[in-house]
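Biologist: I would like to learn how to read this model. Please take me through it one feature at a time.

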Amino acid sequence: MALNFTAIDFETANGSPASACSVGLVKVRDGKVVDKTGWFIKPPLGVDHFNEWNVRIHGITPTDVADALLWELQLPDLIAFADGDPLVAHNAGFDMGVIKSACAASLIACPDFEYLCSLQVARRTYNLDSYRLPVAAMAAGFEDFDHHNALADAEACAAIVVHAAKRHDALDVAQLAQIAGVRMGAIGVGALTAAAERQSMALS
């Protein structure tokens with residue numbers, strides 16, 4: 001067992017979870033960051049407008065994504081970088097919703113991923129007034145990052161999971177989830193089926 005995972009964060013162009021316009025990815029091996037990357041995404045057609053509110057938050061504009069690849073063309077790079085890892089994200093329901101919704105809007109199958117929510121882990125690890133990413137990251141010793149920059153947010157998320165695993169003496173992501181009392185999630189038909197089979201075996 002080893003603390004291996006890929007942290008992920010998305011920014012969106014508007015209120016639609018399908019409107020991914022940026023992604024950040026951070027690879028962790030044995031509890032240490034070994035690789036990181038990020039890129040702009042041209043949101044799927046039909047959800048490719050930019051709301052002023054979203055632009056104000058993350059600073060990404062239509063000009064920034066003009067030459068970026070559409071979701072269905074860059075998704076293979078995301079899958080290749082994750083390379084079978086469980087994903088971790090802060091408020092993971094949002095980020096996994098981006099993957100599912102962007103795939104649906106692009107008329108392609110959702111890839112299989114297991115995932116862990118660092119927000120839920122933080123709530124079971126720290127005693128804080130807020131568990132927003134900047135506050136939880138500060139508790140993990142990761143401070144002064146460019147919040148709402150997808151790569152910086154993914155780095156902060158990775159720092160929370162690594163720190164929490166050390167505090168809980170967890171050897172991998174699944175054990176961290178078990179000790180912290182949170183559930184691993186899954187997206188994609190294959191991952192959902194595998195997760196259901198494991199749960200059934202555990203109950204039998």
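Biologist: What should the 14 residues of helix H4 span at 1.5 Å a residue?

Modeller: First, what is being read: this is a predicted model, in which local features need pLDDT of at least 70 and side-chain atom pairs count only at pLDDT 80 or more, while totals for chains, interfaces and linings use all residues. Residues are numbered from 1 along each chain as its sequence is written, and side-chain values use heavy atoms, with hydrogens and water left out. The expected span of a helix is 1.5 Å times one less than its number of residues. For H4, residues 92-105, that rule gives 20 Å, and the end C-alpha atoms are 20 Å apart, which agrees.

Biologist: How are helices and strands assigned, and how many of them does the protein have?

Modeller: Both are DSSP runs, numbered from the N terminus: helices are H or I with at least four residues, and strands are E with at least two. The protein has 9 helices and 6 strands.

Biologist: Which residues of H4 are buried?

Modeller: Buried means under 20% relative accessible area, exposed means over 50%, and partly exposed is in between, with a 1.4 Å probe and protein chains only. An α-helix has 3.6 residues a turn, so residues three or four places apart point the same way. In H4 the buried residues are Ala92, Asp95, Met96, Gly97, Val98, Ile99, Ala102 and Cys103.

Biologist: What covers the buried residues of H4?

Modeller: Contact here means heavy atoms within 4.5 Å. The cover includes strands S1 (5-12), S2 (20-29), S4 (87-89), S5 (113-117) and S6 (185-187), along with helix H3 (71-82).

Biologist: Which residues have a positive phi around here?

Modeller: Leucine 107, which follows H4, has a positive phi near 60°. Asparagine 91 lies in the loop between S4 and H4, and its phi is also positive, near 60°. With a relative accessible area of 40%, asparagine 91 is partly exposed.

Biologist: Where does aspartate 30 lie, and is it buried or exposed?

Modeller: Aspartate 30 is in the loop between S2 and strand S3 (32-40). Its relative accessibility is 59%, so it counts as exposed. Its phi is near 55°, a positive value in a residue other than glycine.

Biologist: What does threonine 6 touch?

Modeller: Threonine 6 is in strand S1 and counts as buried because its relative accessibility is 0%. Leaving out residues up to four places away in sequence, its contacts include Leu25, Val26, Lys27, Phe81 and Asp85. Aspartate 85 is 79 residues from threonine 6 in sequence, yet their C-alpha atoms are 6.0 Å apart.

Biologist: Where is alanine 13 found, and what does it touch?

Modeller: Alanine 13 is in the loop between S1 and S2. It counts as buried, at 0% relative accessibility. Beyond four places in sequence, alanine 13 touches Ser19, Cys21, Pro43, His49, Phe50, Asn51, Asn54 and His58. From alanine 13 to proline 62 there are 49 residues in sequence and 8.6 Å in space, C-alpha to C-alpha.

Biologist: Where is the place of serine 118?

Modeller: Serine 118 belongs to helix H5, residues 118-123, and is buried at 0% relative accessibility. Its contacts, not counting residues up to four places away, are Ala89, His90, Cys157, Ile160 and Val161.

Biologist: Is alanine 152 buried or exposed?

Modeller: Alanine 152, in helix H7 (residues 150-168), has 9% relative accessibility and so counts as buried. Not counting residues up to four places away, it touches Phe142, Phe145 and Asp146. Asparagine 54 is 98 residues from alanine 152 along the chain, and their C-alpha atoms are separated by 17 Å.

Biologist: What radius of gyration would a compact globule with 204 residues have?

Modeller: The radius is taken over C-alpha atoms, and the globule rule is 2.2 Å times the number of residues to the power 0.38. That puts a compact globule near 17 Å, and the protein has 17 Å, which agrees. Along the principal axes, the C-alpha atoms fill a box of roughly 45 × 40 × 30 Å.

Biologist: What share of the residues is buried, and what share of the contacts joins residues at least 24 apart?

Modeller: Buried residues make up 48% of the 204. Among contacts between residues at least 6 apart in sequence, 67% join residues at least 24 apart.
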